[in-house]
Amino acid sequence: MATANETAGWTGDETLNVWQDFFWAAAGALLLTFSFPRPDMGQLAWVGLVPLMVLSLKTTPKRAFRVGYLTGVLHFLVLLRWVASTIHQYGGIPWVAGVAALVLLSLYLGLYMGLFAWGLARWRRGGLFVLCFAPLFWVALEYLRTKALTGFPWGLLGYTQHKHLALIQLADITGVYGISFLVVLVNAALALFVRRVLDRADWHRSAGWGGPIVGVGVAGLMVVGAYAYGTLRITQVEEAQEKSPTLSVAVIQGNIDQGVKWDTSYQLSSIETYQRLSAEALSKAPDLVVWPETATPFYYLHPADRLLTRMVNRGLAAGECDWILGAPAAERAGEDWNYYNRAYAVTSQGAVIGSYDKVHLVPFGEYIPFQKLLFFVKRLVVSAGNFSAGTKGDTIKGWDWQVGVQICFESIFPELSVASVRSGATLLVNLTNDAWFGRSGAPFQHFNMARFRAVETRRALARSANTGISGFVGPAGRVLSSTALYEEAWRVEALPVMTLTSLYVRFGDLFAWICVGLTVLLGPVIGGIRAMND
């Protein structure tokens with residue numbers, strides 16, 4: 001059981017010190033938010049949870065939850081600030097509704113950090129226990145966030161380390177969750193050390209320093225081990241890359257303003273922009289040219305849009321290569337229509353040789369979840385009716401090689417790229433329209449999350465984004481080239497066609513499930529039994 005001094009926290013009055021709680025929460029939120037682009041100070045993530053964890057190890061579960069929840073809410077309010085402007089500017093609804101949506105989303109996401117702090121306070125059982133339990137519990141909660149309520153794994157802690165190429169190689173075993181595990185492990189070790197420093201009354205007890213010192217040592221050794229593994233894997237993967245056949249791929253960035261993208265008076269100019277940029281890229285003789293998500297602002301191949309379809313196909317005939325085009329699709333289903341967010345694979349002769357339909361649709365943007373309950377909610381995107389989902393694991397098979405496609409934010413769901421590689425994909429292609437995000441940190445966050453899919457699957461990634469960031473990522477996660485935001489651009493790169501099978505592709509989220517199982521075992525089961533015996 002916690003002592004009276006421990007439950008009081010630092011002040012001796014745990015009940016009313018609201019300002020102190022706000023300080024702890026704001027400090028942690030600031031460190032965590034600054035770890036992500038922008039300003040992309042990933043080193044702060046290694047200490048970002050220390051304030052919250054130190055407090056949680058010295059106070060009641062109720063207070064720990066309160067501070068943790070506030071930390072999470074403040075963090076996500078800033079990290080996801082683009083949500084408000086997106087809903088207002090492109091949804092055509094008042095600012096107050098956009099802000100309300102951001103607040104509601106942040107209030108939901110903050111629960112996970114609140115639960116994390118509550119669990120640390122509820123089941124703390126010595127330094128080494130905390131060192132093991134904290135990273136396990138954090139990963140379990142991240143995995144839950146990836147799955148619950150259609151899933152929203154934006155801003156997982158491991159993504160803050162995208163600059164450390166050797167470190168992120170661990171993702172080919174554990175996924176991004178293994179990187180999160182290491183970051184929280186270091187935070188836990190530092191929190192135990194800080195707690196011992198603050199417990200001045202115990203300084204004379206040399207044994208009291210054993211746990212913190214061992215914790216820092218264990219955490220340090222695991223990080224060094226991860227770097228050593230990553231260094232070895234980079235060498236192995238890039239050697240395999242050099243021996244693999246290559247495919248010359250071009251990505252086109254049209255930079256079409258989202259405000260006019262679906263305006264019919266701009267359809268011709270949008271097509272002409274993509275054809276002009278593609279013609280420039282064709283000078284490099286690519287094998288494949290990729291346009292972004294819904295680059296054609298009409299229903300490609302639909303009888304009502306046959307003239308626009310012919311115009312696009314005339315442009316495709318300009319080069320002896322194949323094309324992947326992002327376009328909405330409408331197909332008759334009895335008396336109704338089914339709509340899809342689709343990627344078409346088309347030859348220079350205009351023959352469609354394959355397609356992929358987006359599987360993980362954007363809630364309230366492409367469909368209304370729980371539609372019978374939320375019948376009063378309107379969609380954000382007005383270009384079509386509610387979209388239907390494609391089939392998980394589908395690939396484009398029109399060539400000797402297969403393409404695994406992710407459309408828009410599908411690139412933040414690891415299981416989708418894994419499913420496509422299991423189906424035979426030897427190259428990943430991400431089509432997206434990030435114009436929604438404006439000039440916030442979101443386009444940079446989105447691009448760097450997509451990089452992890454290359455590491456996890458050991459597949460090269462080509463990314464075509466309407467307003468950026470477009471570019472290419474090698475199978476080791478190395479950025480081969482990229483564009484700036486809000487510019488017309490194209491890039492061409494020779495990408496390896498890889499057939500390696502990573503452990504992550506083979507076993508999926510086994511590491512995350514192990515963390516879930518051990519969390520339950522160490523927390524509610526063992527922790528609960530010990531609490532009953534105290």
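Visitor: Is Cys321 buried or exposed?
Guide: This is a predicted model, and the answer is read from its computed surface. Buried means under 20% relative accessible area. Cys321 has 5% relative accessibility, so this cysteine counts as buried.

Visitor: And Cys515, buried or exposed?
Guide: The cut-off for buried is under 20%. The relative accessible area of Cys515 is 1%, so Cys515 is buried.

Visitor: How many disulfides does the structure hold?
Guide: A disulfide is a covalent bond between the sulfur atoms of two cysteines. The whole structure was searched for such bonds. The number found is 0.

Visitor: How are Phe129 and Phe133 arranged, stacked or edge-to-face?
Guide: A pair of aromatic rings is described by the distance of the centres and the angle of the planes. For Phe129 and Phe133 the centres are 5.5 Å apart, with 15 degrees between the planes. Planes under 30 degrees apart count as stacked. The Phe129 and Phe133 pair is therefore stacked.

Visitor: Why are Phe129 and Phe133 about one helical turn apart?
Guide: An α-helix has 3.6 residues a turn, so residues three or four places apart point the same way. Phe129 and Phe133 both belong to helix α7, residues 127-147. Their separation is about one turn because they are 4 residues apart.

Visitor: Which residues make up the ring cluster with Phe129 and Phe133?
Guide: Phe129 is buried at 14% relative accessibility, and Phe133 is buried at 1%. Ring pairs link both into a cluster. Its members are Phe116, Trp118, Trp123, Phe129, Phe133, Phe137 and Trp138.

Visitor: What is the geometry of the pair Tyr299 and Tyr339?
Guide: The ring centres lie 6.0 Å apart. The planes stand at 45 degrees, so the Tyr299 and Tyr339 pair is tilted.

Visitor: What is the strand order in the open sheet?
Guide: The sheet has 6 strands, with mixed pairing. Its edge strands are β5 (352-357) and β11 (489-496), each pairing on one side only. The twist averages 35 degrees from one strand to the next. The order is β5-β4-β3-β2-β1-β11.

Visitor: Which strands does helix α11 touch?
Guide: Helix α11, residues 267-281, packs on the sheet. Its direction makes about 145 degrees with that of β1. The strands touched are β1, β2, β3 and β11.

Visitor: Which residues does Asp21 touch, beyond those up to four places away in sequence?
Guide: Asp21 is placed in helix α2, residues 18-34. Asp21 is buried, with a relative accessible area of 4%. Its C-alpha atom is 8.7 Å from that of Leu70, 49 residues apart along the chain. The residues touched are Arg63, Arg66 and Val67.

Visitor: What covers the buried residues of α13?
Guide: Helix α13, residues 414-422, is mostly covered, with 8 of its 9 residues buried. Among them are Leu416 and Val418. The cover includes α7, β6, β7, α14 and α15.

Key:
Residues numbered from 1 in each chain as written. Predicted model: local features only at pLDDT ≥ 70, side-chain atom pairs only at ≥ 80, totals over all residues. Heavy atoms only, no water. Pairing = 2+ DSSP bridges. Helix = DSSP H or I, 4+ residues; strand = E, 2+ residues; numbered from the N terminus. Axes fitted to C-alpha atoms, helices over the stretch in contact; angles between N-to-C directions. Contact = heavy atoms within 4.5 Å. Buried < 20%, exposed > 50% of the residue type's maximum accessible area, 1.4 Å probe, protein only. Phe/Tyr/Trp six-rings, centres within 6.5 Å; stacked < 30°, edge-to-face > 60°. Disulfide = S-S within 2.5 Å.
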